[in-house]
Amino acid sequence: MKKYLITLIVFATINLTFAQETVTFPNQSSVITTGVPFMLIAPDARAAGMGDIGVATSVDGFSQQWNPAKYVFSEAKSGVSLSYTPYLSKLVNDISIGYITYFNRLNEFSAISASFKYFSLGEITLTQGENDPGINVKPNEFTTDVAYTLRLADQFSMAIALRYLRSDLRIDQVDPNADAANTFGADITGYYQSEEDAYNDFNGRWRAGFAIQNLGPKFKYDDGGRENFQPTTLRLGGGFDFIFDEYNKLGVTAEVAKLLVPTPPELGYVDTIQDGDTEPNGEQDPNEPTIIVSGQDNDVSFIDGIFQSFGDAPGGFSEEIREFTWALGAEYTYQDNFAFRAGYFNEAEDKGARKFFALGAGFKYTTINVDLSYLFSASRIQSPLENTLRFSLTFNFGAGEYDEY
C-alpha cells in the first residue's frame with residue numbers, strides 16, 4: 001500500500017512539474033533605449049555627409065561633438081561653428097537641432113572648447129475639449145559643455161569634456177508633479193595623427209581616435225518616475241589620408257560605436273495550474289510574478305551598466321556583436337577649398353535598423369567654411385532625417401598660425 005502511495009505522489013509531482021510552463025511576453029524589443037537620444041544625432045553637415053562619423057576624421061570646428069582631442073591639431077588659432085538640422089521635416093516644420101561651438105588653441109600643446117546644443121520639439125497645442133482654445137507649450141532639451149585638450153606627444157592628444165544636460169519634455173499642465181530633468185555628464189577622448197609619410201605614388205597620413213561619451217548618472221522627471229540612462233557611447237575609429245599632390249587629397253575613415261547601456265532582458269512568467277484548472281491557463285495571474293527569462297536585470301547604476309553592457313544580451317555573444325554600429329566615409333578635397341563626401345551607416349535590423357547613405361559637399365572662402373549634407377535611407381524603417389538637407393558654417397580666426405600639416 002505504501003509503494004502505491006509513493007508512486008502516486010511521484011507521478012502527481014511529475015505531472016505538476018511538466019504542467020508548469022515558462023511563458024515569454026510577446027513583441028518584446030531588443031532595441032536599447034536611453035533618455036535624451038537627440039545627443040546621438042550628428043548636428044554638423046561634414047560628419048553627416050560621411051555617414052555620421054567624426055571620432056577619427058581630421059580636425060574641424062565641430063570636433064567638440066565627436067572628439068575634442070583633435071583641436072590641438074588645428075592650424076587655426078580659434079573658430080566658431082554653427083549648424084542647423086531640421087528633424088522630421090516631412091511631417092512638421094518646427095522640430096530642429098541647433099548647435100554652436102567655439103574652440104581656442106592656447107598654445108602648441110593645449111586647447112579649450114565649448115558648445116551648446118538645443119533640440120526644439122516645436123509648438124504643441126493642448127486642449128481639453130472641442131471648444132477649448134488650448135494652451136501652447138514648447139518642449140525642448142539642451143546641453144552645454146566645456147572641454148580641455150592636452151597634447152601628450154607630437155602625434156597624440158587627449159581631452160576631457162564636462163556637460164550639463166536639461167530635458168524639459170514633461171508638461172506640467174498635464175502632470176502637476178512633472179519637472180524638467182537635469183543631470184551632468186563627461187566625455188573622455190583621444191586622437192592620434194601621424195606625420196606625413198612618403199609611399200611609392202603618394203604621401204599618406206594615418207589617423208585614429210576613441211571616445212567614451214555621456215558618462216553620467218541616470219535621471220528622471222519626478223520622484224516616482226522611471227530612471228533613464230544617458231546615451232553613454234563608445235566610439236572607435238581609424239582612417240588614412242591619400243595625399244596625391246599639393247592639390248588633391250582623399251581621406252577614408254571607418255568607425256564602430258556601441259551604447260554602453262544594458263540590453264533589455266527577455267521577460268516572462270511561470271504559468272502554473274491554478275485552483276479549479278487542470279492545466280495552465282495561458283494568462284499571467286496575480287500570483288505569477290514577472291521574471292527574467294533571459295538576460296540580466298537592467299535596473300543598475302550607470303557604472304554597473306557600462307560593464308554589464310558587454311555581456312548581458314539575451315542572445316549571447318552574437319547579439320552583443322549586433323549591438324555595434326559601423327560606418328564608412330570618404331572625403332575628397334581639392335586645394336583645401338572644395339570637398340566632396342560620401343558615407344554609409346549600418347545598424348542591425350533588431351537593434352534599430354538605421355541604415356543610410358549620405359552625400360555631402362563643402363567649400364572654403366578665405367576663413368569661412370560652408371558645408372551641407374543629404375541623407376538617403378536604406379532601411380525598411382524610414383529615417384527621421386530622410387531627404388533632409390543640413391547646413392553648417394565655420395568661421396576660423398588666426399588661420400595658418402599653427403603648422404600641423
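1. Asp336 lies in the loop that links strand S16 (324-334) to strand S17 (338-346). This is a predicted model. Asp336 is not a glycine, yet its phi is positive, at about 60°. The residue is exposed, with a relative accessible area of 54%; the cut-off for exposed is over 50%.

2. Ala353 also deserves a look. Its place is the loop between S17 and strand S18 (355-365). Ala353, again not a glycine, has a positive phi of about 60°. Is Ala353 buried or exposed? Ala353 counts as buried because its relative accessibility is 1%, and buried means under 20%.

3. The largest nonpolar core holds 19 residues. Val36, Phe38, Ile41, Tyr87 and Phe119 have the most contacts inside this core. A second core is separate and has ten residues, among them Val59, Tyr71, Val72 and Ala76. In soluble globular proteins, nonpolar side chains tend to be buried together.

4. Which residues does Phe38 touch, leaving aside neighbours within four places in sequence? Phe38 is in contact with Ile97, Lys117, Phe119, Glu141, Phe142 and Thr143. One of these, Phe119, is also listed with Phe38 among the residues with the most contacts inside the largest nonpolar core.

5. Now the surface. Leu106, Phe109, Ile112, Tyr148, Leu150 and Leu152 make a nonpolar patch of about 550 Å². Ile112 sits in strand S4 (residues 110-120). Its relative accessible area is 36%, so Ile112 is partly exposed.

Notes
Residues are numbered from 1 along each chain as its sequence is written. This is a predicted model: local features need pLDDT of at least 70, side-chain atom pairs count only at pLDDT 80 or more; totals for chains, interfaces and linings use all residues. Side-chain values use heavy atoms; hydrogens and water are left out. Patches are made of residues with over 30% relative accessible area and no salt bridge: like charges are joined within 9 Å, nonpolar side chains (Val, Leu, Ile, Met, Phe, Trp, Tyr) within 5 Å. Accessible areas come from the Shrake-Rupley method with a 1.4 Å probe; for residues, only the protein chains shown count as cover. A salt bridge is a side-chain nitrogen of Lys or Arg within 4 Å of a carboxyl oxygen of Asp or Glu. Helices (H or I, at least four residues) and strands (E, at least two) are DSSP runs, numbered from the N terminus. Buried means under 20% relative accessible area, exposed over 50%, partly exposed in between (1.4 Å probe, protein chains only). A nonpolar core is a set of buried Ala, Val, Leu, Ile, Met, Phe, Trp, Tyr and Cys residues joined through side-chain atoms within 4.5 Å. Contact means heavy atoms within 4.5 Å.
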